[in-house]
Amino acid sequence: MKKIVYADNAATTQLDPDAFEAMKPYLLQEYANPSQPYSIGRRTKKAMEEARAVIAACIGAETDEIYFTSGGTESDNWAIQCGSGSGGILTSEIEHHAVLHSCAACAQKGQIVDYVDPTPDGVITPEAVETQIKEHTKLISVMTANNEIGTIQPISEIADICRKHNVMLHTDAVQAVGHIPLDVRKLGVDLLSASAHKFHGPRGVGFLYIKKGTPIIPFMNGGSQEAGLRAGTQNVPAVVGMAAALQKSSSHVQETMANVRSLETALLEGLTRNGIRYTRNGGNKTLPGLISLSFSGYDGEAILHRSDLLGVILSTGSACDGQRTEISHVLKAIRLEDELARGTIRISLGDLNQEEDVMTIVRTLTKILK
Ligand code: PLP
């Protein structure tokens with residue numbers, strides 16, 4: 001089989017083999033329901049609670065502030081729809097649809113939703129947030145890092161403003177957890193969403209950090225799992241795999257960041273050396289390896305398909321929007337010209353990429369674009 005160069009790590013990542021090994025016993029032998037009081041149920045519960053403690057330690061939270069969910073989308077829906085009560089929400093134009101569509105659902109129920117514009121670099125400035133805070137604002141939601149252009153947001157400064165105005169802060173940290181050092185106390189957020197498959201954990205599992213004392217009601221109703229706030233039998237193997245993956249990625253996050261950043265530099269230098277002209281989106285504070293490039297006069301969709309045929313996997317933006325051909329809401333919000341927006345691709349390198357992958361990407365893009 002032809003070797004494929006996978007450069008769409010922002011869409012999903014390969015399951016880490018150690019995370020898989022950690023999951024195996026809970027898929028095959030230790031399958032008891034963790035809510036059951038008998039011995040084998042207590043064993044799965046113990047594994048689940050250990051996983052919760054590991055995850056909490058990785059992000060500077062208390063163990064009982066971590067609530068397991070089915071992934072980033074559920075965590076975002078829960079935070080927005082149940083953290084806002086019936087109050088107003090302030091969010092940014094460049095959030096993931098899991099946040100934006102949750103806000104739209106709240107608006108349909110009569111809640112007021114206000115939006116903050118990003119700068120052309122994709123930054124949500126604390127000043128812009130402060131000017132948009134209204135009397136009715138109860139919850140602010142700003143992502144930690146953008147999934148299409150990689151911009152890292154000044155969350156702790158935004159948190160200072162939220163505290164000043166007595167407003168709750170949620171951050172969608174799905175692209176950031178496991179990729180950059182994060183500490184919920186230093187960030188000063190009340191709610192934080194994460195998803196395991198973005199950091200080499202399994203798909204279909206994630207968590208919501210809920211700071212102690214934060215008023216929030218359940219999104220999923222039913223049993224009394226997750227301290228009565230998120231009903232449904234927990235996916236113990238997935239939770240165990242998520243903890244193993246996060247512990248591993250957190251333990252070498254600095255090293256990974258440095259490696260991936262140097263791959264990113266090599267890629268951009270390679271394109272420049274080959275005379276490829278591009279505009280990079282997202283400003284100068286981006287997630288390591290997340291590279292949004294616009295090529296004037298080209299079609300991003302066509303580049304994606306041609307590079308796929310040549311064995312290089314890229315994307316045009318958010319994975320969830322892979323079926324759509326219209327210009328992404330993020331590129332529109334940063335006011336990128338339509339012509340450039342149409343010629344935009346996202347390359348997202350990860351810790352499994354090697355220098356030779358980068359050289360293949362450069363060669364492939366050069367072939368397509370020349
Ligand atoms: N938020 C962001 C920023 C994302 O990038 C994604 C996935 O691409 C999600 C939320 C949704 O996460 P999940 O796929 O776990 O539902």
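Modeller: Helix α2 passes helix α8 in a left-handed crossing. A crossing is called left-handed if the near helix is turned anticlockwise from the far one by less than a right angle, and right-handed if clockwise. The model is predicted, with local features needing pLDDT of at least 70 and side-chain atom pairs pLDDT 80 or more, while totals for chains, interfaces and linings use all residues. Residues are numbered from 1 along each chain as its sequence is written, and side-chain values use heavy atoms, without hydrogens and water. Helices are DSSP runs (H or I, at least four residues) numbered from the N terminus.

Two packed helices are described by the angle between their axes and the distance between the axes. Axes are lines fitted to C-alpha atoms over the stretch in contact, and angles run from 0 to 180 degrees between N-to-C directions. For α2 (residues 39-59) and α8 (residues 236-251), the axes come within 9 Å and cross at roughly 30°. The pair is therefore roughly parallel (angles under 35 degrees count as roughly parallel, over 145 as roughly antiparallel). On the α2 side, the contact (heavy atoms within 4.5 Å) is made by Thr 44, Ala 47, Met 48, Ala 51, Val 54, Ile 55 and Cys 58. Helix α8 contributes Val 236, Val 239, Val 240, Met 242, Ala 243, Leu 246, Gln 247 and Ser 250. By class, this contact has 12 nonpolar and 3 polar residues, and no charged ones. Here Ala, Val, Leu, Ile, Met, Phe, Trp, Tyr, Cys and Pro count as nonpolar, Asp, Glu, Lys and Arg as charged, and the others, Gly among them, as polar.

Helix α8 also packs with helix α1 (residues 17-28), at an angle of about 160° and with the axes 8 Å apart. This angle makes α1 roughly antiparallel to α8. The crossing of α1 and α8 is right-handed. From α1, the contact uses Asp 18, Ala 19, Ala 22, Met 23, Tyr 26 and Leu 27. From α8, it uses Val 236, Pro 237, Ala 238, Val 240, Gly 241, Ala 244, Ala 245 and Lys 248. The residues of the contact of α1 with α8 divide into 11 nonpolar, 1 polar and 2 charged.

Key:
Helices (H or I, at least four residues) and strands (E, at least two) are DSSP runs, numbered from the N terminus. Angles under 35 degrees count as roughly parallel, over 145 as roughly antiparallel, 65 to 115 as roughly perpendicular and the rest as oblique.
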